[in-house]
2 protein chains.
Amino acid sequence: MNEKLNWLNDAVKSWNQESLQAAQAHQAQLTKPPGALGLLEDLAVNFAAMQGVMKPELDNINICIFAGDHGITEENISAFPQAVTAQMVENFVHGGAAISVLAEQLNARLVVVDVGVNAETSSSTKVVNKRIVAGTKNFSHQAAMSETELSSALKVGYELAEQTINNNGQLFIGGEMGIGNTSSATALAAAELGLPVAQLVGPGTGLDVEGVTHKCQVIEHALKKHRAETRSSLTRLQYFAGVEIVALVGAYIRCAQTGIPVLIDGFIATVAALYARSIKPQTANWFIYAHQSQEPGHQHVLSALKAQPLLDLGMRLGEGSGAAMAVSIIKHAIALHNNMATFEQAGVAKQADKNTVLEIT
Amino acid sequence: MNEKLNWLNDAVKSWNQESLQAAQAHQAQLTKPPGALGLLEDLAVNFAAMQGVMKPELDNINICIFAGDHGITEENISAFPQAVTAQMVENFVHGGAAISVLAEQLNARLVVVDVGVNAETSSSTKVVNKRIVAGTKNFSHQAAMSETELSSALKVGYELAEQTINNNGQLFIGGEMGIGNTSSATALAAAELGLPVAQLVGPGTGLDVEGVTHKCQVIEHALKKHRAETRSSLTRLQYFAGVEIVALVGAYIRCAQTGIPVLIDGFIATVAALYARSIKPQTANWFIYAHQSQEPGHQHVLSALKAQPLLDLGMRLGEGSGAAMAVSIIKHAIALHNNMATFEQAGVAKQADKNTVLEIT
C-alpha cells in the first residue's frame, strides 16, 4: 500500500454497547406488543448504539454526489451519451434532479463533487471541484486509472466524510453520477464475488436486450484480459472502477472510522460498500441498506453482504435517490423510539399482566 | 338492504382521465431514464388523476382510529386482556401510542373514535363518542352484532369520511384498535375468500403456537356454526366483524364515493378494504396499500385484491401505523413529480437524442 493510503489503517469505530443495551431496554417498555414495529425497532436501537446515546437524533443529513466519467462508454454500453454526466451535474446543483428535490424535502445538505467529469462543468461554485481525471480510461484495454489516481479518489471520499463530521452530520448518503457506471460496478461485483457477469449485468439507464448482451460481452472480455493484474480489491478498483465509485468507497470507510452511519443507495453504491467492507471488514457495522434496486446485480451484492434493504420501490436511478427515500423511515423509527409512552407511563396492561389488569392512570 | 344503508347506493367517483394523461405526459419529460423511479411514478400520476389536477398535493392527512371491543375475547384468543382496548384509546389521545407519534411527525389530523369499547373511556373530549355497543357479542355463539348495529357502524365510518371531506383532507388513513380483532378479521377473510382458517390465522398481538392453534379452532367452529346465515358480505360483517372494522368499511366506501384517496394499513384494514370492494367494487380504485404486515393472513388478502403494498418493514401493530409510515413515500413521489426539471428545462440529452447531444443551457 502506498503512503497516501495510510489513513486506511485507522481503526473502525465500535458501537457503544452500553447505549445499545439501554436503548434495547427502553424499546421493550414501549406501548406495543414486543416486535410489533418490525425492522423499525432494531433501526432505532442500532442508531442509538452508533450515536452512543439511549435516544438517538437524526436532523442533520449530508448527501454527497460524486460524479465521474467512464472510458468504457467508447464501447457503446450505455443508453445515454457521456455528455449527460456533466449535464446532470448542472441539474443537481440547480435543483432539478430527483436527488435535489428529495434533499430539499428532507432539509438535507447536498454536495455535488466533480471527481472526474469529462467536460467543462459550469463556473457554478456549487460544484465542488475535486477532479482527478477527465474521465477514466477504457477498461477494455487498460486499467481505468493509475495507482496514484486510485489513492487520490479514495482521499476525495475521505475529505467529504471529514466535511460531514465537521458539519455535525448524523447520516451520510453517498450518491453517484457517471454514464457507464453500471458497467463498471458490474465488472467490480463479478470480480469480487466470483460470479458470472451474465448473472449481474442489467440495462442500467435503459439498454435493450441486445444492448445488455453486448455490455455483458464487453465486461467478460475485460475481466478475462486483466485477471492476472486484479487479484486484490484495490487493484480491482484501479482497473474497473470509476473515480466516483472509488470516492464512495473512501467516504464509506472514513465514515465508519469516525462513527457516522451511512445509508447505502442502490447497485453502484452497494458495490462500493462491498469494496469498503473488503478493504476494512468492520466498516459494514455502520452501513444501513436503503433499498432494493431493479438493476439485477443488486440483489446478488446485497446477498453477499447479508443485507436486508429497507425499501423495494422498483427504483433504479442512482444519485442517492433510493437512500433519500429511506431517510423518513429512519426518522420515524427514531421518533417512535424516543416519543412513544412506556406501559407504565400510559397505564397500559402488559402481556405478562394478563390476569392483573392495571388501572388507567 | 335496510333504509339506513341507502347511501351505499351512491356511485363511486371516477378518476379524471384528462388529468391522468396530462400527468403521465409530464412524468415522461422528467430528467431520469423512463421508469427509473419505479412505483413512485404511478403513485404520483394516479394521485393526479384522483385529485383531477396535473400536479397533485398532499398536505392535509386525516387519520381516524376506530376502537371497539370483541365478545370473542371470552374464548381466550388474545395475548392481551380486553381492558387494553380502552387503555390504548387513552394512549392515542394522550400522544403516547405509535400512531400518535407518527401523526405528530406527519402533521396529520388524528381522530380517535369509540365505536364500541367495553369500558369507561375517560371524560377526555378528545375521544369522539360514537359508541354503538359496549363490545360485540361472542361470535362463537351468536352474531357479533344486530342488523341495526351493523348499519349504525357503517354510518359511523360514513360520518368520519364526511368529516375528512369537510376538513379538505387529501388522504384518509383508517386505523383500528380492538383486542381480539385479528380473530374477527381472520373469520371475515376466511368466509369471504373461501380459504382455510389455518392458512390465515396468526399470533395477533403475540400468541404462542398453542394459542394460535386454539384461536384457529375457535374461528373454524364459528364459521361452520353460522355458515347458513352468512351468505352475503353484509351478513358476514354482522356475524364476525367488530364495529370498528365495520366503521372502516363504511369510511372506505364513503371516501371512494366522494373522491378521497385511502391509504390502507395492515391485515385488519385490508380485510375491511376487501369487504368495501365486495359491497362496492369500484371503491378499490381509491385504495393505496401501505405495507405488508407480518400477520400471515395479510398476504392472502392482498393477493385476492391484487394489491402491491408500498412497504414491507415487518410491522404488525395496527392503529394505522403502517399506513402512516407510507405517507412520506407518497409525499416524496408527489414532490418528485411536481418539482423535478424536464429534459428541456435542464438541457439534458434524452435517450433518443443520443447522437445529437444538447448544449448545456
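The legends below describe close-up views of a predicted model. Residues are numbered from 1 along each chain as its sequence is written, while chains are lettered from A and ligands numbered from 1 in the order in which they are written. In this predicted model, local features need pLDDT of at least 70, side-chain atom pairs count only at pLDDT 80 or more, and totals for chains, interfaces and linings use all residues, with side-chain values resting on heavy atoms and leaving out hydrogens and water.

**View 1. Helix α8 of chain A and its buried side.** Helices (DSSP runs of H or I, at least four residues) and strands (runs of E, at least two) are numbered from the N terminus. Helix α8(A), residues 209–225, has 17 residues and reaches 24 Å from its first C-alpha to its last, close to the 24 Å expected at 1.5 Å a residue, where the expected span is 1.5 Å times one less than the number of residues. Its buried residues are A:Gly211, A:Val212, A:Lys215, A:Cys216, A:Val218, A:Ile219, A:Ala222 and A:Leu223; buried means under 20% relative accessible area, exposed over 50%, and partly exposed in between (1.4 Å probe, protein chains only). What covers the buried residues includes α6 (181–193), α7 (197–200) and α9 (233–240) of chain A.

**View 2. Packing of α9 against α11 in chain A.** The axes of α9(A) and helix α11(A), residues 267–279, come within 10 Å and cross at roughly 150°; axes are lines fitted to C-alpha atoms, for helices over the stretch in contact, and angles run from 0 to 180 degrees between N-to-C directions. The two helices are therefore roughly antiparallel to each other, as angles over 145 degrees count as roughly antiparallel, under 35 as roughly parallel, 65 to 115 as roughly perpendicular and the rest as oblique. A:Ser233, A:Leu234, A:Arg236 and A:Leu237 of α9(A) make the contact with A:Tyr275, A:Ser278 and A:Ile279 of α11(A), contact meaning heavy atoms within 4.5 Å.

**View 3. Packing of α5 against α9 in chain B.** Helix α5(B), residues 147–166, and helix α9(B), residues 233–240, pack at an angle of about 100° with their axes 10 Å apart, which means that α5(B) is roughly perpendicular to α9(B). Here B:Glu147, B:Leu150 and B:Leu154 in α5(B) meet B:Leu234, B:Leu237 and B:Gln238 in α9(B).

**View 4. The loop residue B:Gln292.** B:Gln292 is found in the loop between β6 (287–289) and α12 (297–304) of chain B, and it is buried, with a relative accessible area of 19%. Leaving aside neighbours within four places in sequence, B:Gln292 is in contact with B:His298, B:Gln299, B:Leu302, B:Pro309, B:Leu311, B:Asp312 and B:Met315.

**View 5. A:Asn168, with a positive phi.** Although A:Asn168 is not a glycine, it has a positive phi of about 55°. A:Asn168 is found in the loop between α5 (147–166) and β4 (171–177) of chain A and, at 58% relative accessibility, counts as exposed.

**View 6. B:Asn107, with a positive phi.** B:Asn107, which is not a glycine, has a positive phi of about 55°. B:Asn107 is found in the loop between α4 (98–106) and β2 (109–116) of chain B and is exposed, with a relative accessible area of 66%.
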